[in-house]
Amino acid sequence: TINSTVSVFMAVFSIGPLFWGFYADLTGRKFLYVVSLSSLVVVNILLATVPSNIVALYILRIFQAFGSSSVIALGTGTVTDIISPRHRGKAIAYFMMGPNMGPILAPIIAGLILMRSDTWRWLFGFTSIMSGTGLLLVVAILPETLRCIVGNRDPKWTAKDKQLSGPRIEFCKDLGIQRPRDNGIQFEKLYPRPAKPTLKMYWKMLKFPPLLIASMSSAMLFTNYYAFSVTFSHFLQSSYNFSMLSVGIAYVCPGIAMLLGSQIGGHLSDHLRQKWLRKHEKQTFPLEYRLLLQVWGILINTIGCIGYGWSIQRHYHVVVIFVFSALNAFGLTWANNTTMTYLTELMSKRVSGAIAISSFLRNIGATISSAIIIILCQEMGSGWCFTGLGLCNILSLLAIWYLIHYQRNCPYNYTG
């Protein structure tokens with residue numbers, strides 16, 4: 001029953017960003033932040049307090065997944081609104097510190113809460129507190145940032161200054177659905193409003209080769225990581241006799257690797273971009289060059305994936321398992337940072353929508369992987385199972401190579 005609720009959660013979590021992402025590029029970021037986080041607070045409180053009922057559990061988990069699925073697409077859109085491409089890689093890395101802290105803190109907190117069997121409701125009580133804190137911060141501090149609504153916050157709306165004005169905190173501003181700050185022709189020319197999202201637009205974006213290829217490559221890595229994540233606790237408990245709290249602490253190792261991979265990858269991506277621009281003055285940086293770093297991330301992830309599988313099967317010392325788990329996580333976030341940065345520059349007018357589609361594909365892979373990986377390990381052995389998953393990364397390498405190579409000769413251009 002628990003596994004099935006997780007599967008339902010992941011399925012809804014995959015689809016949810018498509019709704020939030022597409023409307024975030026049209027109606028604004030803050031309003032959708034408030035709606036999604038408010039619903040999440042209410043649902044978490046209900047999960048923590050309602051009497052035990054399996055039907056209610058399924059329904060509430062669906063709404064919980066839908067509410068929590070907004071933050072990656074909305075957050076990436078916000079970062080893109082306020083940070084120029086010059087610093088976009090490290091900005092994405094700093095933003096992703098929040099999601100990447102989850103694998104570090106969540107297992108430890110859950111382990112502490114579940115040390116007593118009668119305190120499981122505090123899992124949802126804790127998430128209620130955290131989501132409520134996030135909601136208050138958004139309402140009180142976060143301004144609307146969508147450019148087609150607020151422009152650059154310069155009242156003159158000149159083309160010379162396209163950056164946001166100096167940092168200034170305004171409390172409880174921009175609540176509700178916002179209208180463009182100016183209806184003049186100059187404002188609309190500088191900050192054009194995208195067309196309303198439709199199913200046809202969904203399909204058009206999904207067929208756009210750079211978006212599809214980069215997202216599928218990222219999806220393969222997430223499939224590998226979630227296969228590792230699900231089996232990590234299983235094998236540590238069954239084969240190494242770890243307690244619930246010990247398992248939670250063990251997740252710190254891949255969690256820290258995720259933080260390092262994202263930070264190093266993001267900073268290096270910006271550094272290489274600036275280095276290229278210095279060598280090629282007055283030329284436009286080819287966006288696909290961001291993806292060159294992804295090759296190293298995929299290779300590191302592959303080594304971690306295959307090594308983890310065989311170290312589990314042959315019952316190597318737990319330190320060996322930690323090393324390979326760290327490589328798996330490091331390679332994932334290194335590559336994922338380059339993908340997200342690339343997509344924000346490729347589809348600057350549809351950032352949240354593009355990230356939503358990318359999230360949809362990778363969460364589908366994660367959902368399938370989480371549901372079948374234990375069975376596959378039992379039937380094939382963890383060594384061959386993770387070897388197969390790791391070798392699938394070759395498809396990602398070929399896809400990225402094709403995208404970089406073909407882009408040089410036939411640049412793609414998305415309009416919509």
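This is a predicted model: local features need pLDDT of at least 70, side-chain atom pairs count only at pLDDT 80 or more; totals for chains, interfaces and linings use all residues.
I began at Asp270, which I located in helix H13, helices here being DSSP runs of H or I with at least four residues, numbered from the N terminus. I number residues from 1 along each chain as its sequence is written, and side-chain values rest on heavy atoms, with hydrogens and water left out.

Is Asp270 buried or exposed? At 1% relative accessibility I count Asp270 as buried, the term meaning under 20% relative accessible area, with exposed over 50% and partly exposed in between, for a 1.4 Å probe and protein chains only. Setting aside neighbours within four places in sequence, I listed Pro85, Arg86, His87, Arg88, Gly89, Lys90 and Arg290 in contact with Asp270, where contact means heavy atoms within 4.5 Å.

I then looked up how helix H5 (residues 88–95) packs on helix H13 (residues 252–279), and found an angle of about 165 degrees with the axes 6 Å apart. H5 is therefore roughly antiparallel to H13, since angles over 145 degrees take that name, those under 35 count as roughly parallel, 65 to 115 as roughly perpendicular and the rest as oblique. The axes are lines fitted to C-alpha atoms, for helices over the stretch in contact, and the angles run from 0 to 180 degrees between N-to-C directions. Arg88, Gly89, Lys90, Ala93 and Tyr94 of H5 make the contact with Ser262, Gln263, Gly266, His267 and Asp270 of H13.

**H4**

For helix H4 (residues 71–82) I noted 12 residues and a reach of 16 Å from the first C-alpha to the last, close to the 16 Å expected at 1.5 Å a residue; the expected span is 1.5 Å times one less than the number of residues. H4 is mostly covered, with 10 of its 12 residues buried, among them Ile72, Leu74, Val79 and Asp81.

Helix H11 (residues 209–238) has 30 residues, which should span 44 Å at 1.5 Å a residue, and I found its end C-alpha atoms 43 Å apart, which agrees. I also recorded a bend of about 30 degrees at Thr231 in H11, the bend being the angle between axes fitted to the seven residues ending at a residue and the seven starting there. The axes of H11 and helix H15 (residues 318–346) come within 10 Å and cross at roughly 155 degrees, and H11 and H15 are therefore roughly antiparallel to each other.

**H14 and Gln294**

H14 (residues 292–313) holds Gln294, and its 22 residues reach 33 Å from first C-alpha to last, close to the 32 Å expected. Just after H14, I noted that His315 takes a positive phi of about 55 degrees. Gln294 is buried, with a relative accessible area of 0%, and beyond its neighbours within four places in sequence Gln294 is in contact with Ser217, Trp334, Ala335, Thr338, Thr339 and Ile400.

**Ile357**

My last entry is Ile357, placed in helix H16 (residues 351–380) and counted as buried at 3% relative accessibility. Which residues does Ile357 touch, not counting those up to four places away in sequence? I found Leu18, Phe22, Tyr202, Met205, Leu206 and Leu211. The C-alpha atoms of Ile357 and Met205 are separated by 8.2 Å, although the two residues are 152 residues apart along the chain.

Key
Helices (H or I, at least four residues) and strands (E, at least two) are DSSP runs, numbered from the N terminus.
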